[in-house]
Amino acid sequence: MSSLNEEEESLTQEPPSRNEMSRRQFLTYTLGGATAFMGAGVILPMVRFAVDPILQKKGEGEFIKVAEASKITEEPQEFTFELPQQDGWYASTAMLTAWIRKDANGDIYALSPICKHLGCTVGWNNNKAHPDEYHCPCHGARYTKQGRQLAVAAKPLDQYTTKIDGGWVYLGEIVPNTVSAKEA
C-alpha cells in the first residue's frame, strides 16, 4: 500500500513551474504604467508652476542711477529715467518719472508722480490758485512739497527708496511715504 500512495503523491505533485504573466496582467501593467506616465506629464508642470514662486529668492531690488546729487535743490525737480524690465522672453524698457528734492536737513528724497486718488500724473506748481504744491489736473487733488495730501486724495504720494553713491542719486522701489508724516 505504501507504494500505491507514493505513486499517487508523485502523480499529484506538479513540477515546479515559472511564474508566467498572463496576457491580462501584461495589459493591466502596461496600460497602468502608460496612464501614470501621462498623468505625471500633466501634473508635474502644474506643481512646478505653483511651487516655483515660493522657491525664488527675493533680492533687495535694483537701484537705478537718476541724477547727480549736486544738482538737487530744495525745489522739487522732475527727473525721467528708464527701468529695464523682463517679462518672460520679452525685454522692454519702462519710462518712469520722479520728483526729487532736498529737505531742510539736506536729505534727498524722491516722490512718485502718481496721484493716490485715481492714478493721474501730478505736476509741481502747475496750478496758479495753489502755488508751491503738487496738483493733479484730473480731479483737483493737491499735495504739499513732502507729498502730504491736502484735498481729494485719501493718501500721500508714495516715495522711492533713495541711495546716494559716488555723487549720484539712485532710486529703488516705491514705498509708502514716510516724509509727509514728519511734516508739521
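Which residues form a nonpolar patch on the surface? The patch consists of Val42, Ile43, Met46, Val47, Val51, Ile54 and Leu55, and together these residues have about 680 Å² of accessible area. The structure is a predicted model. A search of the whole structure finds one disulfide, and the count of salt bridges comes to four.

- Val47, one of the residues of the nonpolar patch, sits in helix α2, which covers residues 23–55.
- Val47 counts as partly exposed because its relative accessibility is 41%, and the range for that class lies between 20% and 50%.
- Helix α2 also holds Asp52 and Arg48, which are four residues apart, or about one turn of the helix.
- Asp52 and Arg48 form a salt bridge, with 3.5 Å between their closest N and O atoms.
- Of this pair, Arg48 is exposed, at a relative accessible area of 56%, whereas Asp52 is partly exposed, at 24%.

**The disulfide**

- The disulfide joins Cys120 to Cys138, with an S to S distance of 2.1 Å.
- The link of Cys120 and Cys138 is left-handed, with -105 degrees about the S-S bond.
- This pair links distant parts of the chain, 18 residues apart: Cys120 is in the loop between β4 (108–111) and β5, and Cys138 is in the loop between β6 and β7 (142–143).
- Cys120 counts as buried because its relative accessibility is 17%, which falls under the cut-off of 20%.
- Cys138, at 40% relative accessibility, counts as partly exposed.

- Cys115 is in no disulfide, and the nearest cysteine sulfur, that of Cys136, is 3.8 Å away.
- Cys136 is likewise in no disulfide, and its nearest cysteine sulfur is that of Cys115, at 3.8 Å.
- Cys115 is buried, with a relative accessible area of 4%.
- Cys136 is buried as well, at 1% relative accessibility.

**Glu133 and its salt bridge**

- Where is Glu133 found? Glu133 lies in the loop between β5 (123–124) and β6 (134–135).
- Arg142 forms a salt bridge with Glu133, and the closest N and O atoms are 2.7 Å apart.
- Are Arg142 and Glu133 buried or exposed? Both residues of this pair are buried.
- For Glu133, the class follows from a relative accessibility of 13%, because buried means under 20%.
- Leaving out residues up to four places away in sequence, Glu133 touches Gly123, Trp124, Asn125, Arg142, Tyr143 and Leu150.
- The salt-bridge partner Arg142 is therefore also on the list of contacts of Glu133, since contact means heavy atoms within 4.5 Å.

**Another salt bridge**

- Side chains of opposite charge can pair when their charged atoms come close.
- Glu68 and Lys71 are a further pair, whose side chains meet in a salt bridge at 3.6 Å, N to O.
- This pair counts because a salt bridge needs the side-chain nitrogen within 4 Å of the carboxyl oxygen.
- Lys71 is exposed, at 51% relative accessibility, whereas Glu68 is partly exposed, at 31%.

Methods. Residues numbered from 1 in each chain as written. Predicted model: local features only at pLDDT ≥ 70, side-chain atom pairs only at ≥ 80, totals over all residues. Heavy atoms only, no water. Patch = residues over 30% accessible without salt bridge, like charges linked within 9 Å, V, L, I, M, F, W, Y side chains within 5 Å. Areas by Shrake-Rupley, 256 points an atom, 1.4 Å probe, with all protein chains shown as cover. Helix = DSSP H or I, 4+ residues; strand = E, 2+ residues; numbered from the N terminus. Buried < 20%, exposed > 50% of the residue type's maximum accessible area, 1.4 Å probe, protein only. Disulfide = S-S within 2.5 Å.
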